[in-house]
Amino acid sequence: MIRGILFDMGGTLDGDGLHWLDRFIALYAGSGLTVPRDRVRAAFDEAERLAASDDQIATAGLDEMIERHVGWQLANLGASADATLHERLVQGFVRSVRDVAATNARVLADLAGRGFRLGVVSNGCGNVGALCADLGYAPYLSAIIDSRRVGLYKPDPAIFIHAAAMLDLRPSDVMMVGDSFDRDVRPAKRVGMMTGWLEGCTARACPEPALVDLHLRRLAELPAAIDMRASA
């Protein structure tokens, strides 16, 4: 029986299955700046590396975080002087995330209203709590597990055991919902959790169907999918 639900943050609660990298690649493509995918990937990875240890990011809300992230990307691409591009990328990213967040906050409100204990498990930069507050998720969460804060990182199964304990539930009573098969689905199933795989709007081949209890294209499908599973 599902009593608690854990969610990934990046690409799940704030992306509905769309990874940050893919969102940035689309924004670059629409900006008029022609950048090969591997160069965007390298710039993105460098920004992620810097964000993971940046003191200012550790307390930042969404807008400030993306301002710094985009600045690091553009510096890596040699385009840091282009203030117009910087603003376009920041505003495009933030606007799309906030649109998704508004819908997913309502999903969390629905699930919390049904009595589920909810939490977030994220390989974060220290600011997952700040992001949850900024995006309207915090009132519905019983636990926020930020890897930088707890010193545990997905896909280490230990972070999922810790998250279940924070919800005061056994892992077998918890479902983990995330967009990454390797960081969310596999390790959560390994500790005995149920799993929901958020595929996103583009169909993806499932690496190992036996590990997935619920297949989701959008997070808004989750309440009805849980109801269907309970009545089966």
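## Contacts, pocket and local geometry in a predicted model

Apart from its neighbours within four places in sequence, Arg3 is in contact (heavy atoms within 4.5 Å) with Gly115, Phe116, Arg117, Leu169 and Asp173. This is a predicted model, in which local features need pLDDT of at least 70 and side-chain atom pairs count only at pLDDT 80 or more, while totals for chains, interfaces and linings use all residues. Residues are numbered from 1 along each chain as its sequence is written, and side-chain values use heavy atoms, with hydrogens and water left out.

**Elements and the place of Arg3**

- Helices (H or I, at least four residues) and strands (E, at least two) are DSSP runs that are numbered from the N terminus, and Arg3 has its place in the segment before β1 (4-7).
- Arg3 is partly exposed, with a relative accessible area of 37%; on this scale buried means under 20%, exposed means over 50%, and partly exposed lies in between, using a 1.4 Å probe and protein chains only.
- Although Arg3 and Asp173 are 170 residues apart in sequence, their C-alpha atoms are 5.4 Å apart in space.

**The largest pocket**

- Rolling a probe the size of a water molecule over the atoms shows where empty space is left.
- The largest pocket has a volume of about 1,100 Å³, where a pocket, on a 1 Å grid over the protein atoms alone, is an open set of points where a 1.4 Å probe fits, with protein on both sides within 12 Å along at least five of seven lines.
- Grid points are joined across faces, edges and corners, and the volume is the space filled by probe spheres set on the points.
- The largest pocket is lined by 43 residues, of which Gly10, Gly11, His19, Trp20 and Arg183 are the closest to its centre; a lining residue has an atom within 4 Å of a point.
- Two or more residues of this lining come from each of the elements α1 (9-13), α2 (20-29), α3 (37-51), α6 (128-134), α7 (147-150) and α9 (181-190).
- The lining of the largest pocket divides into 13 nonpolar, 13 polar and 17 charged residues, where Ala, Val, Leu, Ile, Met, Phe, Trp, Tyr, Cys and Pro count as nonpolar, Asp, Glu, Lys and Arg as charged, and the others, Gly among them, as polar.

**Cysteines**

- A search of the whole structure finds zero disulfides, a disulfide being a pair of cysteine sulfur atoms within 2.5 Å.
- Cys132 counts as buried at 0% relative accessibility, and its sulfur is too far for a bond because the closest cysteine sulfur, in Cys125, is 13 Å away.
- Cys206 counts as partly exposed at 22% relative accessibility, and its sulfur is likewise too far for a bond, because the closest cysteine sulfur, in Cys201, is 17 Å away.

**Residues in loops and their polar contacts**

- Asp54 has its place in the loop between α3 and α4 (62-77), and with a relative accessible area of 13% this residue is buried.
- The side chains of Asp54 and Arg68 are joined by a polar contact of 3.0 Å, which is a pair of N or O atoms within 3.5 Å; within protein, one atom must be able to donate a hydrogen and the other to accept it, and residues adjacent in sequence count only if both atoms are side-chain atoms.
- The side chain of Asp54 also reaches the backbone nitrogen of Gln56 at 3.1 Å.
- Leaving aside neighbours within four places in sequence, Asp54 is in contact with Arg68, Trp72 and Arg148.
- Ser31, in the loop between α2 and α3, counts as buried at 13% relative accessibility, and a polar atom of the Ser31 side chain lies 2.7 Å from the backbone oxygen of Tyr28.
- Not counting residues up to four places away in sequence, Ser31 touches Leu85 and Arg88.

**A strand residue**

- Ala143 is found in strand β3 (residues 143-146) and is buried, with a relative accessible area of 3%.
- Not counting residues up to four places away in sequence, Ala143 touches Leu118, Gly119, Val120, Met166 and Leu167.

**Backbone geometry**

- Lys154 and Pro155 are joined by a cis peptide bond with an omega of about 15°, and Pro155 lies in the loop between α7 and α8 (157-166).
- Asp16 is not a glycine, yet has a positive phi of about 55°; Asp16 is found in the loop between α1 and α2 and counts as buried at 14% relative accessibility.
- Asp168 is not a glycine either, and has a positive phi of about 60°; Asp168 lies in the loop between α8 and β4 (174-178) and counts as exposed at 62% relative accessibility.
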